[in-house]
Amino acid sequence: MAEPALGDAQRPLRVAIVGSGPSAFYAAEALFKADGSNVRVDMFDRLPTPYGLVRGGVAPDHQKIKSVVKVYEKISANEGFRFFGNVKLGRDIAVTDLQAHYDQIVYAVGNESDRKMGVDGEDLEGVHSATEFVGWYNGHPDYRDLEFKLATAQRVAVVGNGNVAIDVARILVRKPDELAETDIADYALSQLRASSVEEVMLLGRRGPAQAAFSPKEIQELADLDGVDVVVSTDEAQLDELSATWLEDQPRSAKRNVEFLQEQAGEGAGSNARRVVCRFLVSPTEFGGDGSAVSSVKVERGELHADSRGTPRPKGTGEFEDLDVQLVFKAVGYRGVPIEGVPFDDGWGVIPNDEGRVLDARDGNRVDGQYVVGWAKRGPTGLIGTNSPDAKETVARMLEDIAGKTAAALAADDADAMPSLLAERGVEFVTLEDWQRLDAFERDQGQKAGKVRAKLTSIDEMMKVVRDLRSTVS
Ligand code: NAP
């Protein structure tokens, strides 16, 4: 008998999605919505909890952004969907296991590390990546045990001018009481209550016109109770190159400049806490007092057009020392390589052509392997950007199975992955486990007057998962 077509009702397409952040869910959604296709999606995450940066990255005082999980809940309600939490690719399962059990693999692994600046003193105590701080206040198991000297620092430098830099600054200066009802980790809230931080300096290496943050985010800082946003009139001015360049930029860049110039007109303010926006300053060295950071040396820059006309900073040889007791580098995220998965070390992404994974050495297609999200295009864009990005990859996946046939699946095919994990002693979290854990966290939160009380260690999560399982079996 002829083999059924791959993706038909007789022979569903089996897809493994590695990662469970926004890009993973948008890929699952595009697969489920594909015309006439019959798809089964198994989604894996190394953590017992899904949602990637929506849980571990989006700031706790941005609950509206986090409400996007309602969309993901609908996607996971599809009967072809399964979740395997607490399963790490490269530790519990290998790419070859996925190849043995699925027709296609989608990497939705994001960018789990941070970009290095490559300047002296980056390893000093008190110099942290924003990735660490964001993970810490969000209760991410990897970062919960970190320590930040909030109780002794008065002045903090945040390097970078993106939305992550703004998130970090806002959490540092916002009144802790305003965070109390969110899902911020309890330990983070108590340390923020004991914080002595008075000033956060945002260090931009280019000018106000090139700031990467969104107008809404910088405006939100200025709207905070008890906080001034301070910009010097000098640094708010545009040089000639930026003024011309800005004419062709999106409205958001113009709004940033208008806002920063207005803010410059407001002067220093008299609030207890302030965020000072500095422009055209590039950190060249972090200085230490013993092993701890005590200063940032910055070099003033001026902008020159590169070959495409984009203003780029160039040092002027004029330096300034800024006294700081804490530094957060918010200069962008970076992917980490996974055993058996091609990796472009220069860009920190999985090499690909419109989502089709390419061999890092010869650039040839790697059959059946695809990538979405930050692992595909690098750490840019908002949550919603991942939807068209995932659709593009899924379109290529469907093109690649068009006209293909495959042997019918064994009756117990769906049991193969759970059995393999059980054989290896991998205790995985199912969708139902997660739903109970989710309800538990929300319930605990409600009792404490907050939206959610997050569990922050994997052991703790797994214990609760087991306890909750026993209540239903
Ligand atoms: P980003 O937007 O790429 O910003 C990185 C910043 O670091 C830029 O200002 C960049 O300056 C600067 N930078 C890079 N290397 C540097 C160096 N060596 N020295 C000094 N400055 C340096 O990245 P992000 O802030 O990590 O955010 C990642 C993505 O997530 C963005 O798309 C962002 O919008 C999104 N996000 C959104 C929200 C939100 O909507 N609320 C919150 C968080 C993150 P240059 O421009 O000069 O390179």
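**Close-ups of a predicted model**

**View 1. Seven strands in an open sheet.** The open sheet here has 7 strands in the order E3-E2-E1-E4-E18-E17-E16, and its pairing is mixed; strands (E, at least two residues) and helices (H or I, at least four) are DSSP runs numbered from the N terminus, and two strands count as paired if DSSP finds at least two bridges between them. The edges belong to E3 (81-85) and E16 (352-353), each with a single partner strand, so one side of each has no neighbour in the sheet. This is a predicted model, so local features need pLDDT of at least 70 and side-chain atom pairs count only at pLDDT 80 or more, while totals for chains, interfaces and linings use all residues. Residues are numbered from 1 along each chain as its sequence is written, and side-chain values use heavy atoms, with hydrogens and water left out.

**View 2. E4 meets E18, with H15 packed on the sheet.** Strands E4 (residues 104-107) and E18 (residues 365-371) run parallel and are joined by 3 bridges. Look for Tyr107, which sits opposite Val371 in E18. Helix H15 (residues 386-401) packs on this sheet and touches E1 (13-18), E4, E17 (356-358) and E18, where contact means heavy atoms within 4.5 Å. The direction of H15 makes about 145° with that of E18; axes are lines fitted to C-alpha atoms, for helices over the stretch in contact, and angles run from 0 to 180 degrees between N-to-C directions.

**View 3. E10 and its parallel partners.** Of the 6 residues in strand E10 (residues 273-278), 5 are buried, meaning under 20% relative accessible area with a 1.4 Å probe, protein chains only. E8 (residues 199-203) runs parallel to E10, with 5 bridges joining them, and Met201 has Val276 as its bridge partner in E10. E9 (residues 227-231) also pairs with E10 in the parallel sense, over 5 bridges; here Asp228 stands opposite Arg274.

**View 4. H6 against H7.** Helices H6 (residues 130-137) and H7 (residues 163-173) pack at about 50°, their axes 10 Å apart. The contact draws on Ala130, Phe133, Val134 and Tyr137 from H6, plus Val164, Asp167, Val168, Ile171 and Leu172 from H7. By class, that's 8 nonpolar, no polar and 1 charged residues.

**View 5. H7 tucked in.** With 9 of its 11 residues buried, H7 is largely enclosed by the rest of the structure. Among those buried residues are Asp167, Arg170 and Leu172.

How values were computed: Nonpolar A, V, L, I, M, F, W, Y, C, P; charged D, E, K, R; others polar. Buried < 20%, exposed > 50% of the residue type's maximum accessible area, 1.4 Å probe, protein only.
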